[in-house]
Each structure stands twice: as C-alpha cells, then as structure tokens.
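Thank you for making time this morning. I would like to walk you through one structure, going from the chain as a whole to a few individual residues.

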Amino acid sequence: STQSTGENLQVQDDEHSLTSSTITAGTLVQDGSSNRSSQDVEDQIVQKPKKSLGLCAKCKENIIGHENGCKALGALYHVHCFVCQKCRDPLVKKPFYHTDGLTYCEKDYLDTLEKCDVCDEHIKERILRAVDKQYHPECFKCTDCGNCLDGVPFTLDSENNVLCVQCYNKKFAYTCKACNELIVSEDGAETYRIIAMDKDFHVACYKCEVCDVKFTNDEGKGCYPHEDRLLCHTHYKEAVA
C-alpha cells in the first residue's frame, strides 16, 4: 500500500485582465461667477475565462480553477472526486493509503488490516503468520526467553506455547546418562535416543564403558549391563568372573 497526502494544485491561471473606461464628457455650463463641471466615469472589468488545468483521472471532466483540483498518485483529480473509497470523505491534505487500486482514508484503511495476536495493533507492514495466527515480526517471541523468532526455528509445547529450540530442549529434552549432555537434534535432523536400564543415551554414547566398543544387535555384540554399567560381552564375563 502507498501512503500519501493529497495536495491542492499550485497551478494558477494567468491573471490577465482588460479594463475599459467609458468616459462621458461633462458639459461646461456658464452660471454667473461659478463654473460647474460634471463627468460620469464607468469602469468595466473584463476577465479572461479560466483555463482548464487538465482532465480529472476519475470523472474525465475538465478541472477549472486550481481551488477545485488536486494532484495525487501522479494524476489530477477534482477535489470532490478524490475521496475515500469507503466513507467518501475528501482526501485533500489528509493522509491516505492506496492499495489494490483503491484509495482509503487512514481510519478506513486500518480497518482493512489484520491485528497482531500479541499486541492487538494493526499490522501495517510485513506480516508474520505462524500457528494459524498473525503477528508483527518483532512480536513473535519465545514464551520463555523472549527472543524474537522471526526467521528462527521454533516449536510448541503441549499447551501450544511458542518456544525457541534451545528453551524447548532445556525443558523437555532427555539427558544422556553417559555424557550428561542433552539429547537434541543437530542441524534439524531427527533425534534418536537409546533406552537401557531405564536410562537414556545418545546413540554414539551407547558403548562399552571399558573398551568403547559400540553395541549392535548382532549376536554377542549387544549390551551386557552389570552393576549399573554398560559392558560388552567380553568385559561382562570378566566382571562376573
């Protein structure tokens, strides 16, 4: 949309005028020692007709007189033709918005806009849509840390609160028993965890605590827990011997 202020035209007609004076000669009358002279003077002003300033972009009629015209959106209009699409109020010397080929006063334009779900103010510029709602980009923030999430990955908790990935992981991610680090996704990849002895492990941490051999599903290559430790078959036998 385009916001502007309509202005009265500053084009003026040339102010040429002709003045003709009709002078009726007085008749001199002799009256003893007094002389009386009479003269009738009549001034007549002949004005040049006003010029057309151009055609109105709306009604296509001539605009006569600068006080009757205005210039906006690169075109000329009659003052009474350049009005709000909705309320029909004249827009000369007022803020107005032009969108989708239609012109509105400020109030009626704002009524066409959506409101931000956070601040309940009209969204005049860029709109951010997420979770079936609309926001000012600067209003779309993590519920926990308050960081702006415009262009940033985010997720929802069970109560549909918007959270950045970091805050979500702090609240809900599992902690690996072996390294005590959170089991979280890297670069947006899907997250996997292994559960053993009712504990959680990174896939990479699921290995023998003695020789670091990773466990597999192959026969004899799996995990053999012993006294709360993850052991391979070889070291399990040593531990129980």
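This is a predicted model: local features need pLDDT of at least 70, side-chain atom pairs count only at pLDDT 80 or more; totals for chains, interfaces and linings use all residues.

The chain has 241 residues, and buried residues make up 27% of them. Its secondary structure comes to three helices and 20 strands. The accessible surface of the chain is about 17,000 Å², and carbon and sulfur atoms account for 46% of that area. If we take the contacts between residues at least 6 apart in sequence, 25% of these join residues that are at least 24 apart.

Let me move on to the largest pocket, whose volume comes to about 310 Å³. Two elements give two or more residues to its lining, namely β15, residues 154-156, and α2, residues 165-172. Which of the elements gives the most to the lining of this pocket? The answer is α2, which contributes five residues. In total the lining holds 17 residues, and those that lie nearest the centre of the pocket are Val165, Tyr168, Asn169, Val184 and Ser185. Sorted by class, the lining of the largest pocket consists of ten nonpolar residues, six polar ones and one charged one.

Staying with helix α2 for a moment, I would point you to Lys170, which is found in that helix. Lys170 counts as exposed, because its relative accessibility is 67% and the cut-off for that label is over 50%. Lys170 and Leu182 are twelve residues apart along the chain, and their C-alpha atoms are separated by 7.9 Å.

Next comes Asp200, which sits in strand β20, a strand that covers residues 199-201. Is Asp200 buried or exposed? Asp200 is buried, because its relative accessible area is 15%, and the limit for buried is under 20%. The side chain of Asp200 makes a polar contact of 2.4 Å with the side chain of Arg193.

As a reminder, most residues other than glycine have a negative phi. Leu73, although not a glycine, has a positive phi of about 55°, and this residue lies in the loop between β9, residues 69-72, and β10. With a relative accessibility of 36%, Leu73 counts as partly exposed. Arg88 is another non-glycine residue with a positive phi, in this case near 70°, and its place is in the loop between β10 and β11. Arg88 is likewise partly exposed, at 43% relative accessibility.

Finally, Val79 lies in the loop between β10, residues 75-78, and β11, residues 95-99. From Val79 to His66 the C-alpha distance is 9.8 Å, with the two residues 13 apart in sequence.

That brings me to the end, and I am happy to go back to any of these positions on the screen.

Conventions:
Residues are numbered from 1 along each chain as its sequence is written. Side-chain values use heavy atoms; hydrogens and water are left out. Helices (H or I, at least four residues) and strands (E, at least two) are DSSP runs, numbered from the N terminus. Buried means under 20% relative accessible area, exposed over 50%, partly exposed in between (1.4 Å probe, protein chains only). A polar contact is a pair of N or O atoms within 3.5 Å; within protein, one must be able to donate a hydrogen and the other to accept it, and residues adjacent in sequence count only if both atoms are side-chain atoms. Contact means heavy atoms within 4.5 Å. Accessible areas come from the Shrake-Rupley method with a 1.4 Å probe; for residues, only the protein chains shown count as cover. On a 1 Å grid over the protein atoms alone, a cavity is a set of points where a 1.4 Å probe fits but cannot get out, and a pocket is an open set with protein on both sides within 12 Å along at least five of seven lines; lining residues have an atom within 4 Å of a point. Grid points are joined across faces, edges and corners, and a volume is the space filled by probe spheres set on the points. Ala, Val, Leu, Ile, Met, Phe, Trp, Tyr, Cys and Pro count as nonpolar, Asp, Glu, Lys and Arg as charged, and the others, Gly among them, as polar.
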